[in-house]
Amino acid sequence: ECAFAQLPERFGRGLRGLLENPVTCGDTPSGRVCTRRCDPLTPLTSCSEVAHPFRSSERIATPGAYCTVTSGCEGTCVAGEQGSRALGESCDADTDCQSLACMDPGDGDRRCVHRCQGGAGACPTGDVCAAGTDACGGCVDPSIVSGARGLGEPCDADAECGSGRCLVDGEDSYCTADCEGFASCPDGFHCRTGSCARGALGGNGDRCLDAADCRGTLQCVEGICSSTCTDTCDDDFSCTEGFCRSDLGVLGDVCAVDDECLSSRCVPVGSEPRCTQPCGAAGGCPSGFACVDNAGELLCARPGETRGGGGGGGCSTAGGTSWPVAGLFLMLIARRRRRL
């Protein structure tokens with residue numbers, strides 16, 4: 001009865017998009033509906049399209065659906081759209097919230113939050129995940145959480161981090177971890193001089209602080225990962241002074257429409273639209289940029305250039321009381337603070 005449901009295997013293994021995560025008729029919190037597995041950490045986008053049944057490179061839009069939690073960090077697609085309530089506002093259902101996530105993160109107040117997975121570093125910049133490592137919870141202000149901070153969460157000293165390492169990265173500081181090689185940090189981070197730094201390794205046109213922020217032989221030129229050239233470059237790039245420079249706006253540049261940005265996203269940030277990209281569970285922001293809430297979606301912007309909203313830090317806490325987070329622990333041994 002469901003459109004885009006799994007096709008019989010006799011049609012061939014080439015139809016991997018539907019065979020690996022098929023649409024089924026299943027039981028969900030909204031009743032028995034046509035659904036499929038999804039990521040509740042990205043509720044806005046993980047149910048917005050499905051693979052084309054015969055053309056694997058194409059996607060089919062499925063509007064009017066979002067991802068809700070079933071148990072733990074698992075989710076299923078159900079019908080629903082964004083509400084109007086901002087982060088920190090009280091709610092009764094996911095669809096009350098712009099973030100499409102309504103929950104009690106552990107202090108007794110049910111409110112709009114961004115969902116997170118402990119230790120994954122996927123909260124808005126400045127927030128912490130109220131959950132033990134690998135467990136699911138909500139992004140909240142650090143002041144209401146006691147315990148060691150996880151990867152990517154704000155810190156002022158090594159002893160605040162579960163890893164025992166607080167990294168000063170440009171104008172920001174956050175908990176990091178030791179690493180060796182490009183594959184030794186989790187998604188949304190990369191290894192820079194032995195420390196997991198925010199953001200994936202950059203390609204041509206991506207922002208950077210150091211050559212170690214860029215893939216392969218790319219160099220960090222004027223804060224942008226760039227390849228050398230003598231004459232020609234890939235589409236949307238031009239060879240200028242020996243480097244391939246983007247003809248389109250890069251992250252943080254002023255823009256008017258999506259097509260002017262290398263990331264294909266132009267969003268009002270502060271007083272004017274700027275090129276941006278998704279962050280949080282969808283990926284990390286490069287150094288020098290913050291992951292901020294933008295009407296329920298997490299996007300990269302320069303600190304101070306946001307149009308408001310912030311993270312779960314907008315939540316109040318009665319009497320300033322902190323509460324323990326299961327699975328987290330305090331590190332008592334302070335180690336030397338590292339600086340890039």
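Let me start with one link. The bond between Cys 2 and Cys 34 is left-handed, with -85 degrees about the S-S bond. Keep in mind that this is a predicted model. Cys 2 sits in the segment before α1 and Cys 34 in strand β2, so the link ties together parts 32 residues apart in sequence. The S to S distance here is 2.1 Å. Cys 2 is buried, at 13% relative accessibility, while Cys 34 is partly exposed, at 41%.

What about Cys 25? Its sulfur has the one in Cys 2 as its closest cysteine sulfur, but at 4.9 Å that is too far for a bond; the cut-off for a disulfide is 2.5 Å. Cys 25 is partly exposed, with 36% relative accessible area.

Across the whole structure, the search finds 20 disulfides. Here are two others.

Cys 73 and Cys 136 have their sulfur atoms 1.7 Å apart. Their link is right-handed, at 125 degrees. Cys 73 is in the loop between β6 and β7, Cys 136 is in strand β12, and 63 residues separate them.

Cys 229 is joined to Cys 239, S to S 2.1 Å, and this link is right-handed too, with 100 degrees about the S-S bond. The pair ties a loop between β19 and β20 to strand β20 itself, 10 residues apart in sequence. Cys 229 is buried, at 12%, and Cys 239 is partly exposed, at 28%.

Now the surface. Asp 234, Asp 235, Asp 236 and Asp 247 form a negative patch. Asp 247 comes from the loop between β21 and β22 and is partly exposed, at 47%.

How values were computed. Residues are numbered from 1 along each chain as its sequence is written. This is a predicted model: local features need pLDDT of at least 70, side-chain atom pairs count only at pLDDT 80 or more; totals for chains, interfaces and linings use all residues. Side-chain values use heavy atoms; hydrogens and water are left out. Patches are made of residues with over 30% relative accessible area and no salt bridge: like charges are joined within 9 Å, nonpolar side chains (Val, Leu, Ile, Met, Phe, Trp, Tyr) within 5 Å. Accessible areas come from the Shrake-Rupley method with a 1.4 Å probe; for residues, only the protein chains shown count as cover. A salt bridge is a side-chain nitrogen of Lys or Arg within 4 Å of a carboxyl oxygen of Asp or Glu. Lys and Arg count as positive and Asp and Glu as negative; His and the chain ends are not counted. The place of a charge is taken as NZ of Lys, CZ of Arg, CG of Asp or CD of Glu. Helices (H or I, at least four residues) and strands (E, at least two) are DSSP runs, numbered from the N terminus. Buried means under 20% relative accessible area, exposed over 50%, partly exposed in between (1.4 Å probe, protein chains only).
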